[in-house]
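Student: Hi! Could you walk me through the pockets in this structure?
Tutor: Happy to, let's take a look together.

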Amino acid sequence: MTDTLTPTQARRIALAAQGFTRARPASVAGRHVHRVMDRLGVLQIDSVNVFARSHYLPLFSRLGAYEPALLDRVFLSRTTHYVEYLAHEATFIPIEDWPLWRFRMDDFRRRWAGEESWMSSNARTLQWVQDELRARGPLRPADLRADAPRERGTWWDWDDVKLALEHLWRTGDVAISGRRGFERTYALAEHVIPDAIRSQEVSRADAIRELTRRAARSSGVATQSDLADYYRIRDRAAVAGSIAELVDSGELEPVQVRGWERGGRPLAAWRHRDAVLPRKVDAAAILTPFDPVVWFRDRALRAFELDYRIEIYVPAEKRRFGYYSLPVLVGDRIVARVDLKSDRATSTLQVQSAWWEPQARPGDAEQIAAELRLAAAWQSLDHVSVSRWGDATEALHGALAAGAGTGASVRRHVHARESPA
């Protein structure tokens, strides 16, 4: 018999798998960061820095206020724990996982092997870059640019050296050895990845099965599309085969979730054998758009009734919710979205807009307000200001004002989308 789950049960299983049923520690240390990574598997990197860069937020969502320098020490400095690769988009991954991505590296290499490809046309530049890294060690693109043997290119306004580094990173010949600020430093993979890890051979089938298994563990309950998207595996036949093998081994259990349908028919879904169904979820958290809970739009809509689209690339006058609105979790529901900005000049966390979601309930404003105060403290901001753009702004301002004695002072500000009246 295939078990049937309610939508609420599915959400709770998914959130437990993502670590939202664990109490936030009183003081965050490196072991807590590693524990979050054990659950997530990857941490997606993004450069947008209106409130805080995306990769800082999943730790804040799960652990509460922590010292951002802790993330820098664990991930951005030269480390033996994590390295960057395209494991979803650009992400941090455990360094020992490097061999799991050989199949993706090989796919890039095959794709670019043609005589008309950029790599074939720029073999001299690629060799020069590798020779420089071999002779000089880890380098930033700027360190190489002045001595580059070719003229500036046109692709994304990057020069040929930068493009060569990116190609070599994708094919696994080069690895990212750290960052200075937000700028990557590159090195030959053999100088970053230990030989014992680099020498491991993992077949394509074994790698995809292992990644499917990990996606299932991190998702709790998921469809085939969910599992494929977690690590952006395009070979759906390989994912389907991996699911079948994991079911045969007892690691995945077929389930149905009420309301998870397509064309009026139930979607096949699977629960990981270690997945836990908590009686309730007490979490409240501000999520990045690149949090695994919401990063796959189909799953966010199906599981959380969140029809989510990042509006960075939408013209300002056409935005419905704001430039970089962040989903807000209360309990097992996505209840709102808030567009936040850290205004350093005035030491203010600006709530530029705030909107309720269909699953919002009375009392949610108080929990969101507490998270906003915590977010301000985390970013070392002294004030919180709330605009009037959005149907949740009045309730959030009231809840913030009611608790003003417990943290940052509360203000109102006018957003460009608001009428002066």
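Student: What classes of residue make up the lining of the second largest pocket?
Tutor: That lining has 11 charged residues, five nonpolar and one polar. Keep in mind that this is a predicted model.

Student: OK, and what volume does the second largest pocket have?
Tutor: Its volume is about 460 Å³. Lining the second largest pocket are 17 residues, and the closest to its centre are R104, F108, R111, R232 and R234.

Student: Which helix gives the most to that lining?
Tutor: α5 does, with five residues of the second largest pocket's lining. Helix α5 covers 102–111, and α13, at 224–230, also supplies at least two lining residues.

Student: How many nonpolar, polar and charged residues are in the lining of the largest pocket?
Tutor: For the largest pocket, the count is 21 nonpolar, 11 charged and four polar. Back in the second largest pocket, the lining has five nonpolar and 11 charged residues, plus one polar.

Student: Great, thanks!

Conventions: Residues numbered from 1 in each chain as written. Predicted model: local features only at pLDDT ≥ 70, side-chain atom pairs only at ≥ 80, totals over all residues. Heavy atoms only, no water. Nonpolar A, V, L, I, M, F, W, Y, C, P; charged D, E, K, R; others polar. 1 Å grid on protein atoms, 1.4 Å probe; cavity = no way out; pocket = protein on both sides within 12 Å on 5 of 7 lines; lining within 4 Å. Points joined across faces, edges and corners; volume = space filled by probe spheres on them. Helix = DSSP H or I, 4+ residues; strand = E, 2+ residues; numbered from the N terminus.
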